[in-house]
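Okay everyone, let's get going. Have a look at the picture on the screen, and then I'll walk you through the inside of it.

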Amino acid sequence: MRRSLVLTAVAALLCAGCSTADAGSGDKSAATSPSSSASSSDARSAVRGAVAALREDSAVFRQEIELEGEGQVYGLTVTGGFDFAADRGHLAVDFPEGAIDHTDQVFADGKIYISGGQEIGEGNWGVVPRDKAQAHYLLRAPLNDPEHVLQQIAAMRKVSRQGEENVKGVRTVRYRGVLDHRTVTLRMTPDVRTKTNQAREALGGDLPVFADAWVDGRGRLVQTRMSLNMSGARVTLTMALSDIGEPVRVTVPRAADSIPVTKVGGILNG
């Protein structure tokens with residue numbers, strides 16, 4: 001009964017408000033414990049160093065988000081470019097067959113601009129202070145902010161070296177660790193944080209959230225993944241990085257086309 005309550009709570013945290021869509025099978029290795037093949041402190045330093053370097057650079061990224069809960073499977077993609085050093089970027093979110101299947105977002109000057117959505121209206125941009133954006137789902141970033149993903153990856157614990165892997169033609173070392181409850185609930189809305197706390201209490205410990213980072217021979221972050229898999233309740237967020245160091249052009253919406261908003265919901269917005 002206790003485990004059933006946990007799974008029900010986790011499923012709700014993953015997919016509340018989703019619509020039917022297909023997704024892949026996910027990373028089944030999330031159920032495996034990290035190996036002890038290398039010093040945890042050295043491995044953690046390698047991951048933190050790669051994240052710190054990217055935060056001073058720019059990159060093109062692609063996030064693939066796979067969700068499973070309440071017997072349904074869903075998939076979203078987030079693509080764009082981000083100048084992490086300048087805190088500026090742009091991204092597009094696509095959710096095939098969703099009630100609203102696309103949104104564009106622009107990050108600039110401490111603000112996030114969002115197109116579309118019932119709260120905003122067609123042809124306008126909603127604007128939210130970046131530091132006020134919150135996460136509405138488990139393992140989702142506030143308004144899909146890729147910097148939030150990096151912050152969580154850098155905080156992984158019990159990190160170990162998993163061996164070498166080829167990621168889209170790039171030779172990398174894969175590191176694996178776990179995310180603690182504080183990192184998982186970072187910048188969650190109060191109601192979602194409460195539900196996550198309840199799931200943790202029912203489980204008797206932290207939710208089994210794993211994190212992976214792939215680092216190339218130059219110490220650059222090539223790919224990240226965060227995942228949770230609990231008997232039918234599953235979420236996986238994979239972020240691939242490319243064109244590191246290339247300029248990222250950002251067009252900021254005009255003030256005349258922007259409307260301040262205090263609340264932005266929906267599965268597209270994290």
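So, how many cavities of 30 Å³ or more does the structure hold? The answer is 1. By cavity I mean, on a 1 Å grid over the protein atoms alone, a set of points where a 1.4 Å probe fits but cannot get out. About 30 Å³ of space lies in the largest cavity, where a volume is the space filled by probe spheres set on the points, and points are joined across faces, edges and corners. Its lining residues, meaning those with an atom within 4 Å of a point, include Tyr137, Arg140, His148 and Gln152.

Quick housekeeping. This is a predicted model, where local features need pLDDT of at least 70 and side-chain atom pairs count only at pLDDT 80 or more, while totals for chains, interfaces and linings use all residues. Residues are numbered from 1 along each chain as its sequence is written, and side-chain values use heavy atoms, with hydrogens and water left out.

His148 and Gln152 are also among the buried residues of helix 3, and buried means under 20% relative accessible area with a 1.4 Å probe, protein chains only. Helices here are DSSP runs of H or I, at least four residues, and strands are runs of E, at least two, numbered from the N terminus.

Ile153 sits in that helix too, buried. Which residues does Ile153 touch? Leaving out residues up to four places away in sequence, the list includes Val47, Val51, Ala211 and Ala213, with contact meaning heavy atoms within 4.5 Å.

Ile153 also has one of the highest contact counts inside the largest nonpolar core, which has 59 residues. A nonpolar core is a set of buried Ala, Val, Leu, Ile, Met, Phe, Trp, Tyr and Cys residues joined through side-chain atoms within 4.5 Å. Helix 2, residues 40-55, gives the most to this core, with 5 residues.

Now strand 9, residues 209-216. Why do we call it largely enclosed by the rest of the structure? Because 8 of its 8 residues are buried. Strand 9 pairs in the antiparallel sense with strand 8 over 7 bridges, and pairing needs at least two bridges found by DSSP. Tyr175 stands opposite Ala213 in strand 9. Strand 9 and strand 10 pair in the antiparallel sense as well, over 7 bridges, and Phe210 has Ser227 as its bridge partner in strand 10.

Terms used. Buried < 20%, exposed > 50% of the residue type's maximum accessible area, 1.4 Å probe, protein only. 1 Å grid on protein atoms, 1.4 Å probe; cavity = no way out; pocket = protein on both sides within 12 Å on 5 of 7 lines; lining within 4 Å.
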